[in-house]
Amino acid sequence: MKISRIARIGAIGAVAALALAGCAANEGTTGSTDAPTSDVPAISGSLVGAGASSQQVAIQAWTAEFQKTNPDAQIEYDPQGSGGGRESFQQGAVNFAGSDRAFKTDEIAAGGFGACVDGSDIVEIPAYISPIAIVFSLDGVDELNLDAKTIASIFAGKITNWNDPAIAADNPDATLPDLAITPVHRSDKSGTTGNFTDYLAQTAGDVWTAGSVEEWPADLAGESAEKTSGVANAVKGGQGLIGYIDSSQAADFSAVNVKVGDNFVPHSAEGAAATLDASKIEEGRTAGDLAFAIDRTTTADGAYPVLLVSYLIGCAEYEDENVAALTKAFFTTAISAEGQDAAASNAGSAPISDDLRTQAQAAIDLIK
């Protein structure tokens, strides 16, 4: 899977150009001009990452925090999607990846992580916890209550009209039009799709039979759009459309309250955190690999089960010690209380718990 060093440098340069353009477009959203206050010596250099578009706002917030104490360091991130980020990391085109899922154990066993020293383990840190909002456009309807079976039936093409009895049953006060439903899904390989379909598979597997997949099944009807922004624009652009997007992008949308137990729960950072608290780290992972098995069937009070756990992925061992130091320092900033608060303020994510922060810091400390 490795690419040549010249090709790798060229790819990194391309990613950097994209990321710098993105940063310029978002100036003023997260930044701070506070002077450095840490006693830890500042670090300099450039760190290049790529991956989940869901993390883009959080990474901008973490970069602003990081540069308070490391003003000469540059963090460049291309939000090309989780699948693209993992592939770029495997090819050695970037130093780290952001991904809405961890690498699978068989993928890790196959090796071929070009960003790392041969034989190095990888480090996977759950740094960004966010609800996935199920958003729709329907004049006169601000919110809907839907259970898992109805949501699965809509996206599987088995419920096709907004006045379907299954939708009406849980929304007796809503005026539901005689209008076709147009489900909108991601056209690109997407961790958000992976987490959304994992929810459908875990909670309504008799209706949603495609399993947990990052690429939308080609045999299902609906409209496709690239990245979170594309799905958001598609839903916003018409009537009768419904899609799934990261909660940080859902402020201007009508959204679904998801049935959990006997209650209907809106998307929220607190709800996502409650679901993660009910979940466990997968067995069989190395010390630096904190991959979660999310329990989306939980009925814990307040839990919102349609969430993504997005990871920062790096090497346990890099060829370049300065890249290792930058990765270690940037990941530490991301999971710090200040970093998590900055992401919550800017992206609406759920801060990780103190216990998880302790585990994550131990994993980050393995980087060399």
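## A crossing of two helices

Helix α2 passes helix α11 in a right-handed crossing, that is, with the near helix turned clockwise from the far one by less than a right angle, anticlockwise being left-handed. The contact residues of α2 with α11 divide into 7 nonpolar, 3 polar and 2 charged; here Ala, Val, Leu, Ile, Met, Phe, Trp, Tyr, Cys and Pro count as nonpolar, Asp, Glu, Lys and Arg as charged, and the others, Gly among them, as polar. On the α2 side the partners are V57, A58, A61, W62 and E65, and they meet E338, G339, Q340, A342, A343, N346 and A347 of α11 (contact means heavy atoms within 4.5 Å).

The axes of α2 (residues 56-69) and α11 (residues 337-347) come within 8 Å and cross at roughly 135°. Such axes are lines fitted to C-alpha atoms, for helices over the stretch in contact, with angles from 0 to 180 degrees between N-to-C directions. The two helices are therefore oblique to each other (under 35 degrees is roughly parallel, over 145 roughly antiparallel, 65 to 115 roughly perpendicular, and the rest oblique).

## About the model

This is a predicted model, with local features needing pLDDT of at least 70 and side-chain atom pairs pLDDT 80 or more, while totals for chains, interfaces and linings use all residues. Residues are numbered from 1 along each chain as its sequence is written, and side-chain values use heavy atoms, leaving out hydrogens and water. Helices (H or I, at least four residues) and strands (E, at least two) are DSSP runs, numbered from the N terminus.

Among the residues of α2, the buried ones are A58, I59, Q60, A61, W62, T63, A64, E65 and F66 (buried is under 20% relative accessible area, exposed over 50%, partly exposed in between, with a 1.4 Å probe and protein chains only).

Helix α5 (residues 148-155) is mostly covered, with 7 of its 8 residues buried: A148, T150, I151, A152, S153, I154 and F155. Just after α5, G157 takes a positive phi of about 80°.

I132 lies in strand β4 (residues 122-136) and is buried, with a relative accessible area of 0%. Beyond its neighbours within four places in sequence, I132 contacts T192, N195, F196, Y244, I245, S247, H267, Y304, V306, L307 and L308. F196 is 64 residues from I132 along the chain, and their C-alpha atoms are separated by 7.5 Å.

A269, in helix α9 (residues 269-277), also counts as buried, at 16% relative accessibility. Its C-alpha is 9.8 Å from that of I132, across 137 residues of sequence. Not counting residues up to four places away in sequence, A269 touches P131, G348, S349 and A350.
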